[in-house]
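Here is a short briefing on one protein model. Look over the sequence and the structure first, then read the points below.

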Amino acid sequence: MRGMSERQYAAHVGLSRGAIQKAKTAERLVLYPDGSINAAASDARRAETTDPSKTRKPPAPKLKPVPEAAVAAVGDTLREQGLAVPAVGGGTTFLQAKTANEVLKAQERRIRLQKLKGELIERARALALVFRLAREERDAWVTWPARGAALMAAELSASCSEATGQHITVEPAAMQKVLEKHVRAHLDELAEVRPDFR
């Protein structure tokens with residue numbers, strides 16, 4: 001036997017044996033005298049007689065494009081761990097991506113464990129707590145001049161009188177106004193500070 005059998009030729013061209021039998025009946029295949037199929041000549045004849053619009057093309061492999069953010073995240077994760085980082089525009093190898101994935105899974109497990117132990121709290125809760133503490137601190141400073149002015153005025157009057165030998169009186173109301181002015185200026189400076197909670 002010099003040529004291929006129907007089964008061999010079907011495997012060769014990626015068709016069913018029934019399709020090869022139909023092509024053989026329609027004389028679209030070149031046969032040797034013993035009935036075996038001349039593969040090269042049959043391929044050429046099939047190419048000439050087959051309508052390209054009716055041929056099934058093998059499906060192209062479906063590769064999803066990887067977003068640049070994902071590639072950058074792999075590089076960042078590897079860099080944080082002191083591992084080899086893919087070159088810019090050079091692409092990421094499967095091993096690098098797998099390593100970054102394992103590192104991220106380990107970090108996630110560590111964070112979950114810290115949360116279960118009570119070592120971590122939610123960001124919204126922390127921000128609310130910081131805001132409440134800052135507001136209480138601000139309110140304490142705003143009321144401080146009224147509480148401390150009378151005591152400071154009495155102490156300043158006494159110390160000025162001792163130093164000069166004359167009786168000098170510092171008015172508590174005047175002292176409170178000066179203190180309030182300076183405290184408010186200080187609070188205005190603090191209000192401009194914007195912590196970065198990234």
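Helix H5 covers residues 94-116, 23 residues in total. In this predicted model, H5 reaches 33 Å from its first C-alpha to its last, close to the 33 Å expected at 1.5 Å a residue. The protein chain holds 7 helices and 0 strands.

**Helix H5 and what follows**

- Four residues of H5 are named as buried: Gln 96, Ala 100, Val 103 and Gln 107.
- An α-helix has 3.6 residues a turn, so residues three or four places apart point the same way.
- The cover over the buried residues of H5 includes helix H4, residues 68-80.
- Gly 118 follows H5 and has a positive phi, near 85 degrees.

**The chain as a whole**

- Read from the N terminus on, the elements run α-α-α-α-α-α-α.
- The protein chain has 198 residues, and buried residues make up 16% of them.
- Take the contacts between residues at least 6 apart in sequence: 39% of these join residues at least 24 apart.

**Packing of H1 on H2**

- Helix H1 spans residues 6-13 and helix H2 spans residues 17-25.
- Their axes come within 9 Å and cross at roughly 105 degrees.
- Angles of 65 to 115 degrees count as roughly perpendicular, and H1 and H2 are therefore roughly perpendicular to each other.
- H1 brings Glu 6, Arg 7, Tyr 9, Ala 10 and Val 13 to the contact.
- H2 brings Arg 17, Ile 20, Gln 21 and Lys 24.
- By type, the residues of this contact divide into 4 nonpolar, 1 polar and 4 charged.
- Gln 21 sits in H2 and is partly exposed, at 36% relative accessibility.
- Gln 21 and Glu 6 lie 15 residues apart in sequence, and their C-alpha atoms are 7.2 Å apart in space.

**The loop between H2 and H3**

- Two residues of this loop are described here: Glu 27 and Asn 38.
- Is Glu 27 buried or exposed? Glu 27 is exposed, with a relative accessible area of 63%.
- Glu 27 is not a glycine, yet its phi is positive, about 60 degrees.
- Asn 38 belongs to the loop between H2 and helix H3, the latter being residues 39-49.
- Asn 38 has 18% relative accessibility and counts as buried, because the cut-off for buried is under 20%.
- Which backbone atom does the side chain of Asn 38 reach? The side chain of Asn 38 reaches the backbone nitrogen of Ala 41, at 3.3 Å.
- Beyond its neighbours within four places in sequence, Asn 38 is in contact with Val 30, Leu 31 and Tyr 32.

**Val 183 in H7**

- Helix H7 takes in residues 172-191, Val 183 among them.
- Val 183 is buried, at 8% relative accessibility.
- What does Val 183 touch, leaving out residues up to four places away in sequence? Val 183 touches Trp 141, Trp 144 and Pro 145.
- Val 183 and Trp 144 are 39 residues apart along the chain, and 8.6 Å separates their C-alpha atoms.

Methods: Residues numbered from 1 in each chain as written. Predicted model: local features only at pLDDT ≥ 70, side-chain atom pairs only at ≥ 80, totals over all residues. Heavy atoms only, no water. Axes fitted to C-alpha atoms, helices over the stretch in contact; angles between N-to-C directions. Parallel < 35°, antiparallel > 145°, perpendicular 65-115°, else oblique. Contact = heavy atoms within 4.5 Å. Nonpolar A, V, L, I, M, F, W, Y, C, P; charged D, E, K, R; others polar. Buried < 20%, exposed > 50% of the residue type's maximum accessible area, 1.4 Å probe, protein only. Polar contact = N/O pair within 3.5 Å; in protein donor to acceptor, adjacent residues only side chain to side chain. Expected span 1.5 Å × (residues − 1).
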